[in-house]
Amino acid sequence: MNTFARDLPTRYGVVAMTLHWLIAAAIITNIIVVLAAPEDHSPEQTAMMSFHMALGLTVLVLSILRLVWRWLNPVPPPPQDLAPWMRIAGTAMHHLLYFLMVAIPLAGWLMVSASHFTPSWFGLFAWPAFPGFGGLDNAAGHQWHETFESIHITLGWAMIVLVPAHIAAALYHHFLRQNNVLLRMLPGIRLRRGA
Ligand code: HEM
Ligand code: HEM
């Protein structure tokens, strides 16, 4: 595979960048949609929540692809001149974001599967129930629904708090430390020399 697609020691490759920005746009859109949705059982709420579920399930698939790609392609290391605590904090934040990128939509899928609701993937096909959860009886289904609903909402709010912190860190690197951390995640941008 050519070096354009792969991650290099100095910058992310086009596959990692494309997945990062697609997933970021989808998650931010999904958070805006769910927070803007009315809670009145109107057709508008149904449409917005159907969109939320379809986009969220897409995030689950893209995030798994991103993790497989990352496993096959080691990512560029943090800048050399960072204090050890900053390197650790950055890596920990990225791992936490990966956890949330998978756990939030997974909990959403488990939540709706337990209550026998079948989401539609943008009207194209019916998304199957999570294996083992589609056939639960009503009492067990209700209990699992409640559990995964709490997990989904709690982790969803953790993402709402962490994304601005992640963006602030990217801007801190770019404008205050003037290194290549942001530039190496942007396609077609020349890196700063010696940074
Ligand atoms: C990118 C992935 C996702 C994110 C970031 C996300 C985020 C959220 C957040 C923050 C809430 C709580 C909103 C509030 O407090 O009013 C929520 C609610 C909800 N989400 Fe998601 N979600 C995602 C994926 C999914 C998926 C894949 C499903 C189902 C297939 C789903 C189904 C729901 C439902 C049904 C609710 C309403 C829960 C309730 O209030 O009872 N979400 N989501
Ligand atoms: C929901 C939104 C977002 C999520 C879930 C997210 C998640 C992630 C994750 C998991 C990584 C680690 C990549 C890896 O090393 O494998 C990463 C890297 C990065 N993200 Fe985001 N991101 C989001 C939005 C943004 C935005 C809006 C910006 C721009 C300000 C941004 C800038 C960056 C940069 C510059 C890196 C590279 C860091 C480095 O080279 O060490 N991200 N992001």
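In this predicted model, an oxygen atom of ligand 2 lies 2.8 Å from an N or O atom in the side chain of Y12, a polar contact in the sense of a pair of N or O atoms within 3.5 Å (within protein, one must be able to donate a hydrogen and the other to accept it, and residues adjacent in sequence count only if both atoms are side-chain atoms). The iron atom of ligand 2 is coordinated by H20 (NE2) and H166 (NE2), while the iron atom of ligand 1 has H52 (NE2) and H152 (NE2) as its protein donors. Residues are numbered from 1 along each chain as its sequence is written, and chains are lettered from A and ligands numbered from 1 in the order in which they are written. Because the model is predicted, local features need pLDDT of at least 70 and side-chain atom pairs count only at pLDDT 80 or more, whereas totals for chains, interfaces and linings use all residues; side-chain values use heavy atoms, with hydrogens and water left out.

**Surroundings of ligand 2**

- Ligand 2 is surrounded by 20 residues, of which H20, R66, R70, Y98 and H166 are the closest; a residue counts as near if one of its heavy atoms lies within 4 Å of the molecule or strand.
- By class, this shell around ligand 2 holds 14 nonpolar, three polar and three charged residues, where Ala, Val, Leu, Ile, Met, Phe, Trp, Tyr, Cys and Pro count as nonpolar, Asp, Glu, Lys and Arg as charged, and the others, Gly among them, as polar.
- Oxygen atoms of ligand 2 also lie 2.4 Å from a polar side-chain atom of Y98 and 2.8 Å from a polar side-chain atom of R184.
- Helix 1, helix 2, helix 3 and helix 4 each give at least two residues to the shell around ligand 2; helices (H or I, at least four residues) and strands (E, at least two) are DSSP runs, numbered from the N terminus.

**Iron site of ligand 2**

- H20 (NE2) and H166 (NE2) coordinate the iron atom of ligand 2 at 2.0 Å, donors being N, O and S atoms within 2.8 Å of the metal (3.2 Å for Na, K and Ca), and since water is not among the atoms, sites may look incomplete.
- H20 lies in helix 1 and H166 in helix 4, so this pair ties together parts that are 146 residues apart in sequence.
- The six donor atoms of the iron atom of ligand 2 make angles of 88 to 179°, and the site is octahedral, a label given to six donors if opposite ones are over 155 degrees apart and all others between 65 and 115.
- H20 is partly exposed at a relative accessible area of 22%, and H166 is partly exposed at 24%, where buried means under 20%, exposed over 50% and partly exposed in between (1.4 Å probe, protein chains only).

- The iron atom of ligand 1 has H52 (NE2) and H152 (NE2) as protein donors, lying 2.0 Å from it.
- This pair links distant parts of the chain, with H52 in helix 2 and H152 in helix 4, 100 residues apart.
- H52 counts as buried at 12% relative accessibility, and H152 is buried at 16%.

Conventions:
Tetrahedral: all angles 85-135°; square planar, octahedral: opposite > 155°, others 65-115°.
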